[in-house]
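Please open the model in your viewer and keep a selection tool at hand. The stops below say what to select next and what is to be found there.

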Amino acid sequence: MTATYSVEFKSVSKFFGDVKAVNRVDLQVHKGEFFSLLGPSGCGKTTSLRMIGGLEHPTEGDVFINNICVNNVPPYERDSSIVFQNLALFPHMTVAQNIAFGLKLKKMPRDQIKAKVSEMLGLVQLSGMEKRRPDQLSGGQQQRVAVARSLVLQPEVLLLDEPLAALDRKLRKEMQIELRRIQRDVGITFIYVTHDQKEALSMSDRIAVMKDGIIVQLGPPEQIYEQPRTRFVADFMGASNVFDASINQQNDEHFTMKTQQGLDVLAKIGKTLESDPIGFSVRPEAVRMVVGNEKPSLENAYQGKVASLVYLGDVTEVEIELQGGDCFVAFVNTTSQSTKVEEGQAVWVAWSAQDSNLLLA
Ligand SMILES: Nc1ncnc2c1ncn2[C@@H]1O[C@H](COP(=O)(O)OP(=O)(O)OP(=O)(O)O)[C@@H](O)[C@H]1O
Ligand SMILES: [Mg+2]
């Protein structure tokens, strides 16, 4: 028996003339998963989402919802619902009427609609606001109505295209937590499009990072953040210490990589790699800055001097230039007195071989 996926792409492409918006993508989204499509502008996120919703027809390949090929199923007959960035709430209708709209179209009996609407209002925490019109609500409240209006139809999959992009930072954060809670409560599959890596990291069960119409890496947030496979993903996820380097030595457990400035760095590998690494990255949280003459006992330890200090509140971002010229960024706990340093001061930079993440492209 084959597994049932909420959504599946089998070699799906969408071309607009010469533009390969989505290029032979294979994808399986599990039932009840919070799945994010993450990537820079123009990488094909919206196009992918629209092909699931039926608003765009694939040039090649097959789209499945619940293991059924929906290529020839019109949007309104698909078991999916879309929440857009610009909401499109009905301005002249109340909150309750907005939420009830889809159920009325389905000709659900009035008392059932009433019960459903009241259940939804509770879920999105808008009970008591059912008589207001959209212009009497805050941005975040409007967004909740939009989500409720889609969820009330109990789709197999809810498609969300940057739904929080228009909100200010604080409200966006609140709504991220809120959307995640709602998704857990209802257990419906969410496919969430965003170009904000922090948003994707904090909300998703799994993330697909896209570039130029292709999924370049897919995995849980920790993996995407801690083990980017390519320079692109490392850069996009905001990694600071990313270096081109070539293999100097290699055995079953370790690689020694040489940077262009001649620094030899040790990396430990837990598994065989599908291709030779072309560089490495180290997260600033994994880099230790050590004051004093004694060489730290980690596998990678190099001398340098403090090039700059940026106070960020809980941590201070310290940039350290090594003798050969490579620069590393370390996050140093601001409260730790033992690591108070000044610009120009000699320090050690150290990290464990396990924290050298190898990049394959
Ligand atoms: N209807 C269209 N006609 C022609 N080209 C299109 C059309 N829709 C999208 N494209 C192109 O396809 C590519 C992918 O677009 P898409 O909207 O999927 O990107 P996106 O990842 O959602 O970007 P953003 O973050 O800016 O919303 C882009 O190069 C875009 O210009
Ligand atoms: Mg888009």
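The tour goes from the domains to the cores, then to the salt bridges, a strand residue and the ligand.

Before selecting anything, note that this is a predicted model, in which local features need pLDDT of at least 70 and side-chain atom pairs count only at pLDDT 80 or more, while totals for chains, interfaces and linings use all residues. Residues are numbered from 1 along each chain as its sequence is written, chains are lettered from A and ligands numbered from 1 in the order in which they are written, and side-chain values use heavy atoms, with hydrogens and water left out.

**Domains.** Select residues 7-226 for domain 1 and 283-351 for domain 2; these bounds come from an automatic or database domain assignment. The centres of the two domains, taken over C-alpha atoms, are 43 Å apart.

**Nonpolar cores.** Next, select Ile99 and Leu151, the residues with the most contacts inside the largest nonpolar core, which has 33 residues. Such a core is a set of buried Ala, Val, Leu, Ile, Met, Phe, Trp, Tyr and Cys residues joined through side-chain atoms within 4.5 Å, where buried means under 20% relative accessible area, exposed over 50%, and partly exposed in between (1.4 Å probe, protein chains only). Two or more residues of this core come from each of helix H2 (95-105), helix H3 (110-123), helix H4 (139-151), strand E7 (157-161), helix H5 (169-186) and strand E8 (189-194); helices (H or I, at least four residues) and strands (E, at least two) are DSSP runs, numbered from the N terminus. Around Leu151, display Met120, Leu123, Leu158, Ile182, Val186, Ile188 and Phe190, which Leu151 touches when residues up to four places away in sequence are not counted; contact here means heavy atoms within 4.5 Å.

**Salt bridges.** The whole structure holds 15 salt bridges, each being a side-chain nitrogen of Lys or Arg within 4 Å of a carboxyl oxygen of Asp or Glu. Select Arg180 and Asp205, whose closest N and O atoms are 3.1 Å apart in one such bridge. Because Arg180 lies in helix H5 and Asp205 in the loop between helix H6 (197-203) and strand E9 (206-211), the pair ties together parts that are 25 residues apart in sequence. Arg180 is buried at a relative accessible area of 9%, whereas Asp205 is partly exposed at 31%.

Move on to Arg283 and Glu285, which meet in a salt bridge through their side chains (3.4 Å, N to O). Arg283 is partly exposed, with a relative accessible area of 21%, and Glu285 is partly exposed as well, at 38%. Elsewhere, selecting Arg144, Glu178, Arg181 and Asp185 brings up one network, joined by salt bridges that share partners.

**A strand residue.** Is Ser80 buried or exposed? Ser80, found in strand E6 (residues 80-83), counts as buried at 15% relative accessibility. Leaving out residues up to four places away in sequence, Ser80 touches Ile52, Gly53, Ile65, Pro155, Val157 and Leu159.

**The ligand.** Finally, select ligand 1 and its surroundings, which include Phe16, Val19, Pro40, Lys45, Thr46 and Glu162; a residue is listed if one of its heavy atoms lies within 4 Å. Oxygen atoms of ligand 1 lie 2.5 Å from a polar side-chain atom of Ser41, 2.7 Å from a polar backbone atom of Gly42 and 3.2 Å from a polar backbone atom of Cys43.

Definitions and conventions: A polar contact is a pair of N or O atoms within 3.5 Å; within protein, one must be able to donate a hydrogen and the other to accept it, and residues adjacent in sequence count only if both atoms are side-chain atoms.
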